[in-house]
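Please examine the sequence and the structure shown below.

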Amino acid sequence: MTCVASLLASTADEQGAGDPARAEQSFVRPRSCEELLPRFARKQTLRVQDVHWRRLDLRIDAWSAAENRERLTNPSVLCLNGRLLMVARLMSDPTVQPPCTDVWRSRVVLSSLAYDRARGKLVNVSCMGDLTEGLVSREAEVRAERCVGTGRTPSIGLGAEDPRLALLDGALVLSANVPLTPSDDAQPADVTLADTELSSCAAAGSRRAMLLSWLGSTSPPLELRWPSAPTATARNWLLFSHERHVYAVYSIEPHVVLRVSEGGVCSATHVTANSRLAARFAGRAVHGGANPLLVRDEAGRPHFFLSALHTKDMRLRYHNYVYTFAATPPFAVLSVGRKPLRLHGKRVRFVSGLATVGAFGRQGELVGVSYGADDAQARLALLPLSLLLANQQVVSGSSRPHTVRASTLRLLQLPSEAQEQALSRRLASSAVAAGRVASGLGGCSLRDGWRFDSPSIKVVASARASGCCALCAATHYCSAFTWSASDGGDGGGVCWLKQWSGTMVRQAGAISGHFSREAACACQLSDDVELNASEVSRTAAPTAELCCSLCLRSAHCGAYTWYARAADATARVGVGGDDVGGDEGGVDGGGVDHGGGDGRGGGDSDGGGNGGGSAGICVLRRAPGAGAAVRVPLLGARSAVVALKRTLLFVHHHPPRVDFGSDRRLLSVLEQARAGGFSVFFAGVSTGGGSSGRARLRELGVEVLCP
């Protein structure tokens, strides 16, 4: 029996043990866990104010966390049948992928806890089971790993995060957020991350999915999806059940409650807005924290739900509040704590669980508040329910029905976070248009009559300039070169291999080349237009965006037209076709005709030599000339011209200093780029450079990404 199976078997209701028919409904009635917690006087006359509750805020110490140099945080503790069950996040120290990508690696673990009086902590009393493998899609993990190598997203998380336990109609469930599995619609098997905007690395850090997993069941995890969600980031959904239906709190204000269908598709069935809540937390981001705990009255009837929210201010400080909402639809917010909970930690405190763990004499239930502190600790604070509800601001009279719109969900993020997402989208549009980010050096582009003036790292003989492409590709650190004829007049020549190009200088007889076409160029896409220009080649392509990748890898391609139906392109077979020579060999992919003309040359049927079949087809063309006749209206066609990107990212070890000659030259380059109409971003490593350089960047309109 595995560790996870052993933990679940020991927690299951004894009456359901060994009964497969009750396997998913055996976690029925929680029993007290008081015997597993610190003992404190429970005299009948003991009052809440007589107990030093701060001393009952306990650290959770997991031995495996210390062994593996991982930190245990974000716990969710539940008392089931006399066992104190916990899921938590084991997080490695973040690493930095240059220039500015924070990489977080974490996994979700399951354990059973008890209080160790000698150490004054909650410790493991069993094994620690890893639940990550069953939660994270292998495809999503692989694509996220590829994105790490590009350094194009500010932050990316690998593995599962923010686990929470809940009892839904007697079934023990786990929720967590994981990297979003990309859609396979209209994507061939060999398409890499950067081929579609859907899987753009610039947005990968924010694309997360919520999973619901039934522990103790063989059913696969269920991905929760709300098609009308304003963002692709799904996290901090709070799960509860009502009348045998599963619901999820999507946002606190407005209070958006989703109903979960069997297939995981959610709909916003109950939405209420609260003006007093919106006014109180204006300027802060508000997110859900702990799965709701149903509070019953003395007769055992559902009274209200108790949950927790956390706010985040502009200084990234977290505060946690308990709040209540109605136990019946539309589940409107009733009250919220006037003051934040007093928890350990300097800045980041994140309540991730509320659970009844026992009783405080005759004065009501004892609640365990599980939370993470500063991404470094896991803790469980013991507090009586009466104390949690002692200082609540009643806001029930301010709730009203509401319609969900993206603009009304502004409390889900800080204003600065919204600006960062807008920046990511702008960078993503440039990165996607550039084609495959991870495709290596890309196509080799030659410029006749130009010399690169940067220092050379190696000089190699070559009879032709085109031969320098392979020589540079085989040389470490080489990304550019200049070829010149040898002085002996023997018809030979040499390749001056360079790490970077430097300045281009006019020189007759020199030919320079580089591998930066994919990084420097983008495709300006227009809808319902085809281009009347000489054809280079054609190939099947499911999307117009994929055509851009193919065009950028062909030195002869300066534009393209994508047709949704192959028949549309077939009717235009003879438009401007001509023969294409050169050493590059055109475009990668089966069936691409490199002879030009009508494109009917050799190649298998899938490659689209004649454009057969119903899939989209991409016709690569030379750069079109000027004039109105170049652009021809055609419904459904999408065309693009290759052009220099208008977004530039400069990376330097520190913000430029105005008293350094080399840095002044950098500032001059940035000034010229801005004068040329480019959007410029700057990324550094250290905080050096002084304020004068930063001030100059601001004057130029350059946005500093980090530090």
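This report moves from the whole chain to a sheet, a helix and a single residue.

The model is predicted: local features need pLDDT of at least 70, side-chain atom pairs count only at pLDDT 80 or more, and totals for chains, interfaces and linings use all residues. Residues are numbered from 1 along each chain as its sequence is written, and side-chain values use heavy atoms, with hydrogens and water left out.

**Confidence**

The pLDDT is the predictor's confidence in each residue, from 0 to 100. Its average over the protein is 75, and 70% of the residues score at least 70.

| Stretch | pLDDT | Contacts in the model |
|---|---|---|
| Residues 183-199 | under 50 | 34 contacts beyond four places in sequence |
| Residues 423-441 | below 50 | 48 contacts beyond near neighbours in sequence |

Where pLDDT is low, the predicted coordinates should not be read in detail.

**Overall composition**

The protein contains 13 helices and 38 strands. Helices (H or I, at least four residues) and strands (E, at least two) are DSSP runs, numbered from the N terminus. Of its 707 residues, 49% count as buried, where buried means under 20% relative accessible area, exposed over 50%, and partly exposed in between (1.4 Å probe, protein chains only).

**An open sheet**

An open sheet is formed by 5 strands in the order S17-S18-S19-S20-S24, with antiparallel pairing. Two strands pair if DSSP finds at least two bridges between them. At the edges are strand S17 (285-296) and strand S24 (392-394), each of which pairs on one side only. Strand S20 (residues 333-337) is joined to S24 by 3 bridges; Val336 has Gln393 in S24 as its bridge partner.

**A helix with a buried face**

Helix H1 covers residues 3-11, and Val4, Leu7, Leu8 and Thr11 are buried in it. Seen down the axis of H1, these buried residues fall within an arc of 95° (taken from the directions from the helix axis to the C-beta atoms), so they line one face of the helix. An α-helix has 3.6 residues a turn, so residues three or four places apart point the same way.

Val529 belongs to strand S31 (residues 521-531). Is Val529 buried or exposed? Val529 counts as buried because its relative accessibility is 11%. Beyond its neighbours within four places in sequence, Val529 contacts several residues, including Thr561, Arg631 and Leu634. The C-alpha atoms of Val529 and Trp562 are 9.4 Å apart, although 33 residues separate the two along the chain.

Key: Contact = heavy atoms within 4.5 Å.
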